Amino acid sequence: MTSSAIPPRCTQSPTRLLCLTALLLAIASSGCAVVSRGIPVPQDLVTTTTIPGFENIRYTIGVNEHGLAEEFLGAIKLGRIKSADVNLLAISGGGADGAFGAGLLSGWTDQGSRPQFQVVTGVSTGALTAPFAFLGSAYDDQLREAYTTLHNDDIFHLRNIFGILWGDSLALTGPLYNTVSAFIDEAVLKAIAAEHNKGRRLFVMTTNLDAQRRVIWNMGAIANSGRDDALRLFRKIIIASTSIPVAFPPQYIEVEADGSAYTEMHVDGGVMGQVFLHLPKAVNSSGSVQEKPIKVYVIRNAKVVGSYSAMTPLIIPIMLRTLKSLTTTQGIGNLYEIYQQTKEAGAEFRLAYVPDNFKTDHHDMFEPTAMKAMFDRAYEMAVTGYPWQRRPPEEF
């Protein structure tokens with residue numbers, strides 16, 4: 001189906017792909033064949049899966065998150081040995097509005113006070129930004145290119161009607177794989193591995209849709225594995241974290257459990273959380289961190305208040321508005337979770353977000369003109385000294 005076949009009202013939405021969701025609902029119980037995905041992990045084995053050939057590269061919340069806490073604690077302790085303070089960065093989802101975070105980081109570089117981050121986390125579009133934020137200011141050009149020049153055609157193309165009826169998504173993301181591959185190559189992988197070996201950590205979150213669990217991937221450990229398939233897995237995790245369910249196809253991860261091969265279905269990390277951090281309370285014990293401050297920076301690639309829109313009394317606009325409201329509220333809740341973590345650990349909280357008066361509604365999901373405007377706005381705010389907020393909004 002081409003974009004000209006989409007009803008005009010749908011083309012005016014920034015999430016126009018979801019306008020076709022009703023087609024899937026109409027055939028949900030029709031008994032049609034589905035995409036082949038391999039054998040799903042049986043329920044009694046979902047907490048025991050491993051990635052063949054890789055060790056200690058992921059943590060599942062509710063299963064083994066104690067290992068993730070140890071990773072954070074280790075990175076912070078090493079950071080304290082090497083630096084006067086320790087800086088952590090969490091980058092949220094937000095689709096094309098990821099241009100805000102990219103512009104902020106670039107402007108922060110030119111302002112002259114951007115620190116090196118001991119830990120960087122990313123979700124959804126934040127997963128695309130996180131590797132370059134982790135590697136530092138030398139990669140600002142890649143951020144600028146990614147968030148000011150890409151168009152829909154660089155990310156996805158719509159399936160035809162038959163692909164939609166018997167597929168796992170409304171669009172295909174072959175273009176996204178090519179785009180991610182162009183930005184994340186062997187040189188980037190080696191650079192991330194080198195920083196991982198220095199004790200710094202890079203994490204990306206996906207959603208295991210079968211198990212309805214958050215999975216946190218240690219991207220530096222993947223890069224440092226030395227395996228020939230490390231780059232392929234690294235790219236796959238980035239794409240999985242950005243794969244909006246229904247709109248984009250899931251990523252199927254090959255795993256093993258109890259000696260047998262299975263596949264897990266992974267989608268956008270934003271399904272389970274818009275932004276994340278795992279700052280353990282232990283950093284505030286035994287004098288391990290008190291002498292030097294921990295600063296937690298959170299970049300929210302979205303506004304912190306809802307925007308007014310007189311609703312059309314039709315199913316699809318109501319559905320889209322509802323989904324947007326849910327993710328906005330979820331995202332604010334995530335900010336408070338991180339804020340509480342910083343308070344309990346004696347850390348300092350810093351928040352940046354898209355200005356309330358900035359127009360973010362544009363016709364296409366990825367529109368270079370609109371993305372460049374947001375990039376430039378964030379850049380200007382940062383280069384003149386961004387007014388980081390010390391707590392989440394009290395009203396939203």
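Mentor: Let's start with axes: these are lines fitted to C-alpha atoms, for helices over the stretch in contact, and the angles between N-to-C directions run from 0 to 180 degrees. What we have here is a predicted model, where local features need pLDDT of at least 70 and side-chain atom pairs count only at pLDDT 80 or more, while totals for chains, interfaces and linings use all residues. Residues are numbered from 1 along each chain as its sequence is written, and side-chain values use heavy atoms, leaving out hydrogens and water.

Trainee: Why are H5 and H6 called roughly antiparallel?

Mentor: The axes of H5 (residues 125-135) and H6 (residues 140-148) cross at roughly 160° and come within 9 Å. Angles under 35 degrees count as roughly parallel, over 145 as roughly antiparallel, 65 to 115 as roughly perpendicular, and the rest as oblique. So H5 and H6 are roughly antiparallel to each other.

Trainee: Which residues of H5 and H6 meet?

Mentor: Contact means heavy atoms within 4.5 Å. By that rule Thr 125, Leu 128, Thr 129 and Phe 132 of H5 meet Gln 142, Leu 143 and Tyr 147 of H6. The residues of this H5 and H6 contact divide into four nonpolar, three polar and no charged. For those classes, Ala, Val, Leu, Ile, Met, Phe, Trp, Tyr, Cys and Pro count as nonpolar, Asp, Glu, Lys and Arg as charged, and the others, Gly among them, as polar.

Trainee: And what makes H4 roughly antiparallel to H6?

Mentor: The axes of H4 and H6 cross at roughly 150° and come within 9 Å. That makes H4 roughly antiparallel to H6. In this contact, Gly 98, Ala 99, Ala 102, Leu 105, Ser 106 and Thr 109 of H4 meet Asp 140, Leu 143 and Tyr 147 of H6. By class, that's five nonpolar, three polar and one charged.

Trainee: Which residues of H6 are buried, and what covers them?

Mentor: Asp 140, Leu 143, Ala 146, Tyr 147 and Thr 148 are the buried ones in H6. Their cover includes H4 (98-111), H5, H8 (174-183) and H13 (368-383).

Trainee: How do you know whether Thr 342 is buried or exposed?

Mentor: Buried means under 20% relative accessible area, exposed over 50%, and partly exposed in between, with a 1.4 Å probe and protein chains only. Thr 342 has 1%, so Thr 342 is buried. You'll find Thr 342 in H12 (residues 315-345). Leaving aside neighbours within four places in sequence, Thr 342 is in contact with Leu 279, Val 296, Ala 347 and Phe 349.

Trainee: What is the phi of Val 246 and of Asp 258?

Mentor: Most residues other than glycine have a negative phi. Val 246 isn't a glycine, yet has a positive phi of about 75°. Asp 258 isn't a glycine either, and has a positive phi of about 55°.

Trainee: Where do Val 246 and Asp 258 lie, and why do they count as partly exposed or exposed?

Mentor: Val 246 is in the loop between H11 (230-241) and E8 (251-257). At 30% relative accessibility, Val 246 counts as partly exposed. Asp 258 lies in the loop between E8 and E9 (260-268). With a relative accessible area of 69%, Asp 258 is exposed.

Terms used:
Helix = DSSP H or I, 4+ residues; strand = E, 2+ residues; numbered from the N terminus.
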